[in-house]
Amino acid sequence: MADTAILLFAFGANEEIRSNQVLLKEALRCSKVNGVGTIFSQKAILTETNYWDENGKYYRVELFDQPDPSKHPPTLRIARWAIFLAALDFRYERLIVIAADPHIDRCMRDSLYVLSQLRATHYANIKIEPWVNAGEYTDQDWFCADSTQLRTRTRVAWNKRESLLMKTPMWLYATMAG
């Protein structure tokens with residue numbers, strides 16, 4: 001039987017900041033709706049490979065290896081890692097991408113790009129879709145002054161960088177992201 005997994009992108013660095021707590025809450029909500037037991041994530045949200053929610057439900061967590069926590073990995077690199085792991089496992093047919101509202105477009109673009117690259121050279125029967133939280137969150141939930149990632153502290157700082165990244169041709173962006 002094919003499974004669904006969650007690809008959970010952090011927004012800012014530090015697991016205690018509000019944005020990452022909101023993202024974890026959404027991942028748990030998505031899991032309940034879709035029967036998900038595996039979460040691909042970053043240590044900025046989850047730090048252990050085994051996670052139990054408040055009701056005792058167990059989640060298998062695959063954590064992105066980030067040797068230097070002060071160097072924030074590119075979204076494309078995280079997507080590549082998770083999608084390759086899911087494809088190699090062969091049991092996943094669906095990945096649900098969860099990201100902060102200001103970040104979801106790039107997370108989806110990068111994830112779909114990785115999937116297209118993977119399909120060009122390997123068998124990958126995975127569907128990627130976004131988790132839509134119906135806009136119930138505001139900028140106050142996403143942009144946190146206590147984030148150690150400067151670009152996620154304010155909407156202005158985020159938009160400056162994000163607009164450039166979204167306009168960059170994918171071949172160049174993929175080269176820069178490594």
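Predicted model: local features only at pLDDT ≥ 70, side-chain atom pairs only at ≥ 80, totals over all residues.
Residues are numbered from 1 along each chain as its sequence is written. Local features need pLDDT of at least 70, side-chain atom pairs count only at pLDDT 80 or more, totals for chains, interfaces and linings use all residues, and side-chain values use heavy atoms, with hydrogens and water left out.

Start by selecting strand S2, residues 38-41 (helices, H or I with at least four residues, and strands, E with at least two, are DSSP runs numbered from the N terminus). Thr38 and Phe40 lie on one side of S2, Ile39 and Ser41 on the other, and all are buried (under 20% relative accessible area, 1.4 Å probe, protein chains only).

Isoleucine 6 has isoleucine 39 in S2 as its bridge partner.

Now show helix H1, residues 18-34: with S1 and S2, H1 makes a right-handed β-α-β unit (with the strands pointing away from the viewer, the path from the first strand over the helix to the second runs clockwise).

Next, select strand S4, residues 58-63, which runs parallel to S2 and is joined to S2 by four bridges. Here arginine 60 stands opposite threonine 38.

Finally, move to helices H2 (residues 75-89) and H6 (residues 170-177), whose axes, lines fitted to C-alpha atoms over the stretch in contact, come within 8 Å and cross at roughly 85°. H2 and H6 are therefore roughly perpendicular (65 to 115 degrees, between N-to-C directions). Thr75, Leu76 and Arg77 of H2 make the contact with Met170, Tyr173, Ala174 and Ala177 of H6 (heavy atoms within 4.5 Å).

Conventions:
Buried < 20%, exposed > 50% of the residue type's maximum accessible area, 1.4 Å probe, protein only. Pairing = 2+ DSSP bridges. Axes fitted to C-alpha atoms, helices over the stretch in contact; angles between N-to-C directions. Parallel < 35°, antiparallel > 145°, perpendicular 65-115°, else oblique.
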